[in-house]
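Hello,

Here is the structure for you to look over. My notes follow below it.

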Amino acid sequence: MRGGVAIVVAALALTSCFAVASSDAATGQSLQNQVELRLKSLTAGQMRSRPSAPHRVSGTRSATAVLEQGLIARINQIRRGHGLRPLRSNSRLAAAADYHSRDMARKGYFEHDSANGTAFWRRIERFYSSRGFRSWTVGENLLWATDTYGAPFAVREWMNSPPHRENILSRDWREVGIGAVSVPAAPGAFHGRAVTIVTADFGSRT
């Protein structure tokens, strides 16, 4: 709302734990245990009062598509400014991100792991397969805030958090997919508020 306050919550999954050899199931299980321990501390962020994000009138799919495109452009602008290669937009990572944002909005939770306990990297792998690749690495940033907001606001929140900033500026990534959803009354962790939820999934496979 204009002139009010926005609640902003961000969470992320770090990249270093998630390099999974596609044929190594035992390694995958070991990494899953590391992921669960790491995310327990990373996703326990407290809600903070912030100045309201710039107001956007529409909550339609076209508005969220503009946000998604703007986020990729802004992330790449920042990466270029740090001498890093820009990330390619990947439709499979975007599908994974969109699925997760919608699932969180529908079921009322804000975590990297799915509501049924599936580790976040396994959820991404359903869309962004590791099969046929020697190495496969993924990471994730999450953000939700009341009201709607633009790409500069979202990326600024991530860049102001050292771990989120590390994901954005990682040299490991080659590709990115963004999934944004705006809902008028999200249940559960969102307490019936009008919120916009963003998932950014980063990846590399060679």
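Glu-140 is a residue of strand S4. Strands here are DSSP E runs of at least two residues, helices are H or I runs of at least four, and both are numbered from the N terminus. Glu-140 is buried, at 0% relative accessible area. Buried means under 20%, exposed over 50%, and partly exposed in between, with a 1.4 Å probe and protein chains only. The Glu-140 side chain makes a polar contact with the side chain of His-112, at 2.6 Å. A polar contact is a pair of N or O atoms within 3.5 Å; within protein, one must be able to donate a hydrogen and the other to accept it, and residues adjacent in sequence count only if both atoms are side-chain atoms.

Before going on, two caveats. This is a predicted model: local features need pLDDT of at least 70, side-chain atom pairs count only at pLDDT 80 or more, and totals for chains, interfaces and linings use all residues. Residues are numbered from 1 along each chain as its sequence is written, and side-chain values use heavy atoms, leaving out hydrogens and water.

**Aromatic pairs**

The whole structure holds five aromatic pairs. Rings of Phe, Tyr and Trp (its six-membered ring) pair if their centres lie within 6.5 Å; planes under 30 degrees apart are stacked, over 60 edge-to-face, the rest tilted. Trp-144 is in strand S4 (residues 136-146), while Phe-190 is in the loop between S5 (175-183) and S6 (195-205), 46 residues apart. Trp-144 is buried at 2% relative accessible area. Phe-190 is buried too, at 0%.

Trp-173 and Phe-202 have ring centres 5.8 Å apart and planes at 20 degrees, so they are stacked. Trp-173 lies in the loop between helix H6 (162-168) and S5, and Phe-202 in strand S6, so this pair ties together parts 29 residues apart in sequence. Both Trp-173 and Phe-202 are buried.

**Charges over rings**

The charged end of Arg-126 sits over the Tyr-99 ring, 5.2 Å from its centre. Arg-205 has its charged end over the ring of Tyr-128, 4.1 Å from the centre. The test: NZ of Lys or CZ of Arg within 6 Å of the ring centre and within 35 degrees of the ring normal.

**Whole chain**

The protein chain has six helices and six strands. From the N terminus, the order is β-α-β-α-β-α-α-β-α-α-β-β. Of its 206 residues, 50% count as buried.

Best wishes
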